[in-house]
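Here is a short tour to read with the model open beside you.

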Protein chains: 4
Amino acid sequence: MSEHVQRSPERAKRLPRAVRERQILDAAVQVFSRYGYHSASMDEISDVAGVSKPMIYTYLGSKEDLFAQCIRREASRLLEAVESGIQPDLPPDMQLWHGLRSFYRFVADYRESWTVLHRQALAVGGSFAEEITSMRSRAIELVAALVVSAGSQKGLADQVEKSGEGLAAALVGAAESLADWWLDHSEVTDGVLASWLMNLVWLGFNDLVEGRVWTPSSSPAHNE
Amino acid sequence: MSEHVQRSPERAKRLPRAVRERQILDAAVQVFSRYGYHSASMDEISDVAGVSKPMIYTYLGSKEDLFAQCIRREASRLLEAVESGIQPDLPPDMQLWHGLRSFYRFVADYRESWTVLHRQALAVGGSFAEEITSMRSRAIELVAALVVSAGSQKGLADQVEKSGEGLAAALVGAAESLADWWLDHSEVTDGVLASWLMNLVWLGFNDLVEGRVWTPSSSPAHNE
Amino acid sequence: MSEHVQRSPERAKRLPRAVRERQILDAAVQVFSRYGYHSASMDEISDVAGVSKPMIYTYLGSKEDLFAQCIRREASRLLEAVESGIQPDLPPDMQLWHGLRSFYRFVADYRESWTVLHRQALAVGGSFAEEITSMRSRAIELVAALVVSAGSQKGLADQVEKSGEGLAAALVGAAESLADWWLDHSEVTDGVLASWLMNLVWLGFNDLVEGRVWTPSSSPAHNE
Amino acid sequence: MSEHVQRSPERAKRLPRAVRERQILDAAVQVFSRYGYHSASMDEISDVAGVSKPMIYTYLGSKEDLFAQCIRREASRLLEAVESGIQPDLPPDMQLWHGLRSFYRFVADYRESWTVLHRQALAVGGSFAEEITSMRSRAIELVAALVVSAGSQKGLADQVEKSGEGLAAALVGAAESLADWWLDHSEVTDGVLASWLMNLVWLGFNDLVEGRVWTPSSSPAHNE
DNA sequence: TATGAATGAGCATTCATTCAT
DNA sequence: CATGAATGAATGCTCATTCAT
């Protein structure tokens, strides 16, 4: 179970509290992302952090507290990364494009952060799931706003209006799923991933906005 | 923690093995979906199943085994449900359409199965993640085949060829994400969900196939 | 710290629950009386009981629960012992006399029970102290009733009326203190101890000095 | 758990050692009396004392040492208080009377000291119990001497000779018990308590009932 | 077949105690 | 003199798992 995890070589001494807290959080993210909340042991975290267990409790509180702080820190990082990649004065599609690229760069740079956020946090019931879910909801709303703003620019097709949030949820899910897929197919670049998504959902979305609609009865099997 | 879970009223006796196994698996899915793998206790499962713990071990093996069998059974059910909804002689888009509707009907009918598969199984490291991932991969490949077959009907654009699996992964993710979203917005029907997805991804995909491509430089900000 | 404590020699097997519970409670009283609530470890209790720790938790609950049940059981035993020694149709002084003898016999027979009740239970704050205090209060009231009934038989002197409970508290304390003293001076018999107390509080030290002595046979029940 | 405990507002600096030691002991008595030996934490003591933990260790040694010194200091205070209230040239009963009043005044003035001594010290096994027991023994011997001296003045009845120490133990226990009772019935004065005891043990309950009452003014020292 | 009885092993958490500054 | 930083060592408790009947 505890294969090979990076650990601080020597028990460093007398560091200021802030530094220690960062060390501990780093270690915690690493371990939580590997084993999940329940299987992760405070022993291993303290080990990886190069710090004794009591310090963890003194500085960061209980295991639950620790996990919560991991989640929050990584979620903030992710949001910041994405936001910092977006220029709000660009048109919606460019915003989405840059947002997606930033997102994938983050996933690449901080695999563990992404794993904790995406894979582990939801499985742990209670407040964590809520917290994560609410962050995800915020992301979805953000995308929905983008989608709707794009639609209104072009005359806001009915389809878009009604389904904005649903479409956004689908888009976010697609992006996440592609991120997961990427973890096992790292040969493509973040730009390629973002392109795929843009082509898949943006072109489709564009059609919608311009009045082209897919319905079961419009399928070639039926309408010719 | 243990709010209100259905439990068998009386300790029944001398049932054939197959029946017992089903009872146990049902209970296990119920409990796992509520609490997640680690927080679920064999005690509660045996309680809900109306069976003593040793029986579980005799019939289904360890907790890990039990979970694996839950996963497999529910995944099979899901796949069956989806496949049985598809008529292979229809055109690709209609197949996708029917597949999506079947998928959402399954999610609605077997919430717990879906929860176990989607939320819990990935968080548990090791063999489970692999198993789930491989099943998901199969689903993705299936969709990819659909996508590619649609592409080749129309002359297989390059974009599609290279990105088929990625697009499929994105589509599957979008469908899953929308399923999650649906759990909290049950006012729309499965048909609506499927429509959204078809409009979002199929129209977009169609554009691709027909040579319309989104690139950063084709965005209005750049080409005017 | 863990000098030499009697322990069950062999890990006995498959005993009915009631028996195990008794074993565990016996062991717990033994260990609590030796080390006090806090220093006693569940490990040692389980060891002495010849039972694994999980059984203790399954059968008797948490350490606090366990201690509470020890207290209650021993307190009940003590009360029963004292009450069974009293014949309510005797005059008050004879009742007191027999009650005291029973009390001291109990202390002699169940040293550990007495230690737990007297020495340990009060030091642990919270509900235990309250429980013990309330039992002690009941004992005091009982004695107070005796005292007052004796007083009213003789015309109820004012002093007695006003101070009944205080006197009873003092008497109970005297009895307890003498019990403690006895633990280090076991050469005298329970009868002697009871005599001392009767002479001290019933007759009065002054009387003693002047040659008046209370003996069971000088009680009104006998000497008329 | 840590409701509201007085604490030094500002971390004072550079005080002479003796002062620091007093601060710490005061805090320790306060905390030990509230929570008992085991539940009291060095952290809280240092907190209440307004001193860092290492200082405690430097000045007073281990937790055990600290507790021992609390016990000794408070016991000394108690003994001094009682002794200073006694005038050795008075007759025994008056000495007892004054001693008791001093004792109750001490209990009233230093509740915490009394609590530590009476409730906590015995429950902690090992050397503390011995120390406390030995101090209590000294008190008992003192009283015994008083009793015996009273007896010998009047011709030393046999009963007294043999049972002197036992009687004294009973008397001391009665006084302590009454002190405890007092903590919950503070409406009576220390004089009343002392009177009750004098009447109970010195004169005898029987005497009381028959109208003979001990009062300070009826003591031989005064009424002859 | 079916189960109440029993446990090994692990985990979160706490606390007295000590360095390094 | 004085302390924030740091930890070794316990301890209460839980849970998957297995016998003996």
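## The largest cavity

Leu78(C), Val82(C), Phe103(C), Ala139(C) and Val172(C) lie nearest the centre of the largest cavity, which 26 residues line. A cavity here is a set of points, on a 1 Å grid over the protein atoms alone, where a 1.4 Å probe fits but cannot get out, and lining residues have an atom within 4 Å of a point. The volume of this cavity is about 640 Å³, where a volume is the space filled by probe spheres set on grid points joined across faces, edges and corners. The structure holds seven cavities of 30 Å³ or more.

Five helices of chain C each supply at least two residues of this lining: helix 4 (63-84), helix 5 (92-109), helix 6 (111-123), helix 7 (127-153) and helix 8 (158-184). Helices are DSSP runs of H or I with at least four residues, numbered from the N terminus. Helix 7 of chain C gives the most, with seven residues. By type, the lining has 20 nonpolar, three polar and three charged residues; Ala, Val, Leu, Ile, Met, Phe, Trp, Tyr, Cys and Pro count as nonpolar, Asp, Glu, Lys and Arg as charged, and the others, Gly among them, as polar.

## About the model

This is a predicted model, in which local features need pLDDT of at least 70 and side-chain atom pairs count only at pLDDT 80 or more, while totals for chains, interfaces and linings use all residues. Residues are numbered from 1 along each chain as its sequence is written, chains are lettered from A and ligands numbered from 1 in the order in which they are written, and side-chain values use heavy atoms, with hydrogens and water left out.

## The second largest pocket

The second largest pocket holds about 1,400 Å³ of space. Among its 49 lining residues, Thr115(C), Arg119(C), Leu122(D), Ala129(D) and Thr133(D) are the closest to its centre. A pocket is an open set of points with protein on both sides within 12 Å along at least five of seven lines.

Helix 7 of chain D provides the largest share of the lining, nine residues. The lining divides into 15 nonpolar, 18 polar and 16 charged residues.

## Chains A and B

The same surface serves both copies, as 98% of the contact residues of chain B recur in chain A. Contact means heavy atoms within 4.5 Å, and each chain brings 45 residues to it.

About 4,100 Å² is buried between chain B and chain A, with 66% from carbon and sulfur atoms; buried area is the accessible area (1.4 Å probe) that two parts lose on being put together, summed over both.
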